[in-house]
Amino acid sequence: ISVTVESEDSVERTASMRPPYIELGIPVEDLGEKPSVDPNPARLKRVLGSTSHVWRIIRKLVKYIRQHRIEVIDAHHTTAMFAAVIAGRITGVPVILSSYHVRNWAGAAMWLPGQLTFAGSSSVVTDSHERSRDIRHWLKRKSVPIHVVPTGICYPQPERSIDDVWSMLNLPQRQGRKVIGCVAGLIPSKGQMVFLEAAIELLKTRPDLIFVCIGYSRQYVDFEQQLRERIASSDLQDRFFIRQYPHGIGDVWQVIDIFVHPSMFDSLPLAVLEAM
């Protein structure tokens, strides 16, 4: 069972995993809360919110856990981890934290809540040995088990023809073009600005290239705007494109000749595995 905090009317804005879960037949329920619009997820107020807000979430979790006799809680992301550990302590249900890094807990204000959250879990699951070492080094309670479960993927099969996808992405005429693509959420740490600066240099000698960033801005709307302004100031509107693709990602790989993942921080990126 997947339990999400955000209410149904906010799903599209927060790029929820609700639709693919429902497609797979996984029951999905929400707690009816409005998600934070804070663009910096590492802030303490993003985790704690107001006292009434965080305790309302915890009370709802506790009630849900008891009603449905939940035996194990698997929590993802900062706020969910914090609330899940407290709810788990109240109900006596073990909590597993799925964590791909601890950067959100690294600041002075976040360090103590982070230590208490991880120390209160039954175990931690991450997707690479590098991140496992990072978490172990950061975590003061060394007895917490940390398990590495590498990301698994299904081969991304296309559902539409390359011509249909090209048209849906609204790219210029395909003949004689090479597409260099980046598939990732539009987040500063994913490196799309680095990708753009590289494109500016490459296009000086390779005008046949097209560059495409495929991904949603999530809550980083300002970053997407910065990218678009840089594209406009460099007069690259017909060479560098930012696109959102709402269908199966297997379609997208058909149009990309060279895949670039310019991330400045990652664990085991799904896009890299799909591209391989």
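Helices and strands here are DSSP runs (H or I with at least four residues for helices, E with at least two for strands), numbered from the N terminus. This is a predicted model, where local features need pLDDT of at least 70 and side-chain atom pairs count only at pLDDT 80 or more, while totals for chains, interfaces and linings use all residues. Residues are numbered from 1 along each chain as its sequence is written, and side-chain values use heavy atoms, with hydrogens and water left out.

Next to β3 comes strand β4 (residues 95-98), and the two pair in the parallel sense over four bridges. Pairing, by the way, takes at least two DSSP bridges between two strands. Across this pair, Ile73 stands opposite Val95 in β4. To get from β3 to β4 the chain goes through helix α5 (residues 78-91), and this β-α-β crossover is right-handed. That handedness means that, with the strands pointing away from the viewer, the path from the first strand over the helix to the second runs clockwise.

Zoom out and you get an open sheet of four strands, in the order β3-β4-β5-β6, with parallel pairing. β3 and β6 (146-148) stand at the edges with a single partner strand each, so one side of each is left without a neighbour in the sheet. On average, neighbouring strands of this sheet are turned by 25° against each other, direction ignored. For angles like this, axes are lines fitted to C-alpha atoms (for helices, over the stretch in contact), and values run from 0 to 180 degrees between N-to-C directions.

Further along the sheet, β4 and strand β5 (residues 123-126) pair in the parallel sense over three bridges, and Ser98 stands opposite Val125 in β5. Helix α7 lies across β5 and β6, and runs at about 170° to β6. Contact here means heavy atoms within 4.5 Å.

**Around β7**

Which strands does β7 pair with? One is strand β8 (residues 209-214), which runs parallel to β7 and is joined to it by six bridges. Another is strand β10 (residues 258-259), paired with β7 in the parallel sense over two bridges. On the β8 side, Val179 has Ile210 as its bridge partner; on the β10 side, Gly181 stands opposite Phe259. β7, helix α9 (residues 192-202) and β8 make up a right-handed β-α-β unit.

Strand β7 (residues 178-183) is mostly covered, with five of its six residues buried. Buried stands for under 20% relative accessible area, exposed for over 50%, and partly exposed for anything in between (1.4 Å probe, protein chains only).

**Cysteines**

How many disulfides turn up in a search of the whole structure? The count is zero, where a disulfide would be a pair of cysteine sulfur atoms within 2.5 Å. Cys182 is in none, and the nearest cysteine sulfur, that of Cys213, is 4.7 Å away. For Cys213, that distance to the sulfur of Cys182 is too far for a bond. Cys182 is buried at 1% relative accessible area, and Cys213 is buried at 0%.

**Salt bridges**

A salt bridge here puts a side-chain nitrogen of Lys or Arg within 4 Å of a carboxyl oxygen of Asp or Glu. By this rule the count comes to 10, and the table gives some of them.

| Pair | N to O distance |
|---|---|
| Asp134 and Arg131 | 2.6 Å |
| Lys204 and Glu201 | 3.2 Å |
| Arg228 and Glu224 | 2.9 Å |

Take Asp134 and Arg131: they are three residues apart in helix α7 (residues 129-138), so about one helical turn separates them. Asp134 is partly exposed at 29% relative accessibility, whereas Arg131 is buried at 8%.

Where do Arg228 and Glu224 lie? Both are in helix α10 (residues 221-233), four residues apart, about one turn of the helix. Arg228 counts as partly exposed at 34% relative accessibility, while Glu224 counts as buried at 13%. Elsewhere, salt bridges that share partners join Glu159, Arg160 and Asp251 into one network.
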